[in-house]
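Here are my notes on this one, jotted down while going through the model. Have it open next to you as you read.

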Amino acid sequence: MSGKPKLRSIWVFHLNTGSCNGCDIEIIDVLTPFYDVERFGIKLVGSPRHAHALLVSGPLTRQAYYGAKETIKAMPPEPRVIVAIGTCTCSGGIFYNGYPVYRRPESGREGSEYPRRGGIAELIADLRDEGEKVGPVIYIPGCPPRPEEIIYGIAQLVGLVEKKLSYQEYSDELVPFKLPEGPLEERIRLTLMERLRHLVGYLDREKILEDFMGLVKEAEKSENPREELARLVKDYAAKCGDVRLGFCMMLLEREYWRVKDALDAGKEFVYWV
């Protein structure tokens with residue numbers, strides 16, 4: 001958290017942007033007489049126009065994006081604190097790179113190979129780009145976080161406790177990042193495995209990838225592996241009789257040559273992660 005506001009009491013508005021309701025139950029628990037969060041001056045309000053802080057739970061889905069945006073804009077311009085509750089709100093959690101999750105249309109990142117992060121930070125970045133002021137953001141990870149953890153995070157906001165860990169930031173400018181070099185075949189296999197994760201659903205992706213790598217191994221023995229692999233994939237699709245497997249094989253073939261050509265040429269390319 002940065003830019004801590006001076007608050008003696010805060011009114012909060014609760015917003016769900018796609019949560020499974022696990023975090024919502026913990027938030028309600030915090031407001032019950034057992035934990036009695038009102039003793040710290042924290043009060044739940046029914047409108048964002050009266051709220052100092054927004055308690056957000058859940059990954060940022062595409063459907064919830066515009067509603068969440070209008071909610072934050074409806075809040076008073078000061079202090080507009082955002083309290084991200086739960087791992088999904090902090091970083092997308094298990095919904096990271098899922099199809100219903102919002103992807104920020106940053107310049108040059110429109111392609112489907114870039115992940116959908118899913119955290120509230122995507123929306124906050126959009127708002128700040130539009131010139132909207134959004135106050136400090138408190139991240140309380142957990143699946144779901146316990147009521148004590150939520151209270152501890154909010155207690156930092158109102159200045160009742162001090163943060164025990166110091167903030168450190170790493171970037172390519174400060175610490176150049178270099179992808180660890182692994183065996184070429186393993187790097188290709190792993191990125192194909194992740195590519196399959198988005199396609200196969202309940203099918204066995206290990207078995208599909210094993211079959212495909214078997215075809216690759218067989219094709220490498222010929223004088224023209226590219227043409228031979230295309231022929232083998234076509235034969236495989238015809239024999240299996242399942243259009244889903246045929247589609248997966250053709251996609252793996254295309255992805256395999258994309259990755260292999262880039263690695264052979266020493267070019268940068270996007271890994272599926």
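1. Which residues point one way from β4, and which the other way? Val81, Val83 and Ile85 go to one side, Ile82 and Ala84 to the other, and all are buried. Here buried means under 20% relative accessible area, exposed means over 50%, and partly exposed is in between, with a 1.4 Å probe and protein chains only. With 5 of its 5 residues buried, β4 is largely enclosed by the rest of the structure.

2. Some ground rules before going on. This is a predicted model, in which local features need pLDDT of at least 70 and side-chain atom pairs count only at pLDDT 80 or more, while totals for chains, interfaces and linings use all residues. Residues are numbered from 1 along each chain as its sequence is written, and side-chain values use heavy atoms, with hydrogens and water left out.

3. The overall layout: the chain has 9 helices and 5 strands. These are DSSP runs numbered from the N terminus, with helices being H or I of at least four residues and strands being E of at least two. Starting at the N terminus, the elements go β-α-β-β-α-β-α-α-β-α-α-α-α-α. Of the 273 residues in the chain, 44% are buried.

4. Now the sheet. It is an open one of 5 strands with parallel pairing, in the order β2-β1-β3-β4-β5. At the edges sit β2 (42-44) and β5 (137-140), each pairing on one side only. From one strand to the next, the twist averages 25°; the axes behind such angles are lines fitted to C-alpha atoms (for helices over the stretch in contact), and angles run from 0 to 180 degrees between N-to-C directions. Two strands count as paired if DSSP finds at least two bridges between them.

5. To get from β3 to β4, the chain passes through helix α2 (residues 62-74) in a right-handed β-α-β crossover. Right-handed means that, with the strands pointing away from the viewer, the path from the first strand over the helix to the second runs clockwise.

6. In one, Leu15 has Val56 of β3 as its bridge partner, and Val56 stands opposite Ala84 in β4. In the other, Asn16 faces Ser57 in β3, Ser57 faces Ile85 in β4, and Ile85 faces Ile140 in β5.

7. Over to the surface. Tyr170 lies in the loop between α5 (147-157) and α6 (184-197) and is exposed, at 62% relative accessible area. Together with Leu174 and Val175, Tyr170 makes a nonpolar surface patch of about 360 Å².

8. Finally, Glu218, found in helix α7 (residues 205-219). Is Glu218 buried, partly exposed or exposed? Partly exposed, at 42% relative accessibility. Its C-alpha atom is 8.5 Å from that of Glu228, 10 residues apart along the chain.

Note on methods. Patch = residues over 30% accessible without salt bridge, like charges linked within 9 Å, V, L, I, M, F, W, Y side chains within 5 Å. Areas by Shrake-Rupley, 256 points an atom, 1.4 Å probe, with all protein chains shown as cover. Salt bridge = Lys/Arg side-chain N within 4 Å of Asp/Glu carboxyl O.
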